[in-house]
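These are my notebook entries on one protein chain. I record what I looked up, entry by entry.

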Amino acid sequence: MVLCATGPLLAATWTVNASGKVKRLAPVLASAQAGDTVRVLQGTYAEGTLTIDRPLTLIGIGRPVIDGGGAGDVMVITAPDVTVQGFRIRGTLVSNMYDHAGIKVKQSDRVKVIDNVMEHCFFAIHFANSRNPTVIGNTIHGDPRQPETSRANGIHMWHCSGATIEDNEVQYHRDGIYFEFVTDSQVRRNRSLHNSRYGLHFMFSHRDAYSDNLFQDNGAGVAVMFSKNVDMSRNRFIRNRGASSYGILLKEINDVRIDSNIFIDNTT
């Protein structure tokens, strides 16, 4: 009994079912203990902003929908070691004052966002002040009907380190992927398409590597500004022909390696 009380064997699995006995997700998130797993079955869960404030694994079964109802953020994570996987997330508030996001991570390390579909969010995935974030295999589609003033970034990282951004598709946002003060990170095999400003935009971000990505039909493919020790290899820049005009824009950078990339039909 003592071993069970102090070790990982206490971790529990919770099940939420929109058509079952436990219908609401928020009370389960408030009751679950650190290390627990919450399984969410197929259905729609419209409960306003959900907060995860302890280490949990949140798994969607059958792609359940979490709809924020336009109340602000859809999901806010304020704890380390959280995994969110397998959901369809929508319903942020569009605001020029606040960075509302489908998934917002604040000062939380080792958070994993895997295999989710983000639909018509203002910011889709937003990390701030976090170490070792993981964003893998997500499909992120903004609203193509919205003007740039009503769009924000698909994957947004501010003041983070050790990020892994792999195998995501981002379309119809302002910037597909945005880094500011992000160090020692990897951006690999992503597809960034039809974004109104940049496919990838990074500023003041050092010792990062970007490889095997596709940047196509954006206002500009990539902008690298005020950064050093950046490696860009085997990327494709195709038909980036918006007002910003560039396949790749480099401004005030040092010690950058740009190797084996393909540029096709960009304005400049």
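**Entry 1: a threonine in a strand**

Is threonine 83 buried or exposed? I looked it up in the model, which is a predicted one. Threonine 83 has a relative accessible area of 14%. The limit for a buried residue is under 20%, so threonine 83 is buried. I then noted that threonine 83 belongs to strand S8. Leaving aside neighbours within four places in sequence, I found threonine 83 in contact with Leu56, Thr57, Leu58 and Lys112.

**Entry 2: the sheet around this strand**

I next looked up the pairing of strand S8. Strand S8 covers residues 83–85 and pairs with strand S11, residues 112–114, in the parallel sense over 3 bridges.

I then turned to the whole sheet. How many strands does this open sheet have, and in what order? I found 11 strands with parallel pairing, in the order S1-S2-S5-S8-S11-S14-S17-S20-S23-S26-S29. Strand S1 (13–16) and strand S29 (254–259) stand at the edges. Each of these two has a single partner strand, so one side of each is left without a neighbour in the sheet. Neighbouring strands of this sheet are turned by 10° against each other on average, direction ignored.

Strand S23 (residues 209–211) and strand S26 (residues 228–233) pair in the parallel sense over 3 bridges, and serine 211 has serine 233 in S26 as its bridge partner. S26 in turn pairs with S29, again in the parallel sense, over 5 bridges. In that pairing, lysine 228 has asparagine 254 in S29 as its bridge partner.

**Entry 3: salt bridges**

I recorded first that side chains of opposite charge can pair when their charged atoms come close. The count of salt bridges in the model comes to 21. I looked up three of these pairs in detail.

The pair of arginine 24 and glutamate 47 has its closest N and O atoms 3.9 Å apart. This pair links distant parts of the chain, 23 residues apart: arginine 24 is in the loop between S1 and helix H2 (25–31), and glutamate 47 is in the loop between strand S3 (44–45) and strand S4 (50–52). Arginine 24 is partly exposed at a relative accessible area of 46%, whereas glutamate 47 counts as buried at 19%.

Aspartate 73 forms a salt bridge with lysine 104, and the closest N and O atoms are 3.3 Å apart. How accessible is aspartate 73? Aspartate 73 counts as buried, at 13% relative accessibility. Lysine 104 counts as buried as well, at 11%.

Aspartate 81 forms a salt bridge with arginine 110, at 2.7 Å between the closest N and O atoms. Aspartate 81 sits in the loop between S7 and S8, and arginine 110 sits in the loop between S10 and S11, 29 residues apart. Aspartate 81 counts as partly exposed at 37% relative accessibility, and arginine 110 counts as partly exposed at 40%. I also found a network: salt bridges that share partners join Asp67, Arg88, Arg90 and Glu119.

**Entry 4: a nonpolar patch**

Which residues form a nonpolar patch on the surface? I found Trp158, Phe181 and Phe204, with about 250 Å² of accessible area together. Tryptophan 158 is in strand S16 (residues 155–161). Its relative accessible area is 32%, and tryptophan 158 is therefore partly exposed.

**Entry 5: positive phi values**

Finally, I looked up backbone angles. Asparagine 129 has a phi near 55°, a positive value in a residue other than glycine. I located asparagine 129 in the loop between strand S13 (123–128) and strand S14 (134–136), where asparagine 129 counts as partly exposed at 31% relative accessibility.

Aspartate 212 also has a positive phi, near 60°, and is a residue other than glycine. Aspartate 212 lies in the loop between S23 and strand S24 (214–216). With a relative accessible area of 32%, aspartate 212 is partly exposed.

Definitions and conventions
Residues are numbered from 1 along each chain as its sequence is written. This is a predicted model: local features need pLDDT of at least 70, side-chain atom pairs count only at pLDDT 80 or more; totals for chains, interfaces and linings use all residues. Side-chain values use heavy atoms; hydrogens and water are left out. Patches are made of residues with over 30% relative accessible area and no salt bridge: like charges are joined within 9 Å, nonpolar side chains (Val, Leu, Ile, Met, Phe, Trp, Tyr) within 5 Å. Accessible areas come from the Shrake-Rupley method with a 1.4 Å probe; for residues, only the protein chains shown count as cover. A salt bridge is a side-chain nitrogen of Lys or Arg within 4 Å of a carboxyl oxygen of Asp or Glu. Helices (H or I, at least four residues) and strands (E, at least two) are DSSP runs, numbered from the N terminus. Buried means under 20% relative accessible area, exposed over 50%, partly exposed in between (1.4 Å probe, protein chains only). Two strands pair if DSSP finds at least two bridges between them. Axes are lines fitted to C-alpha atoms, for helices over the stretch in contact, and angles run from 0 to 180 degrees between N-to-C directions. Contact means heavy atoms within 4.5 Å.
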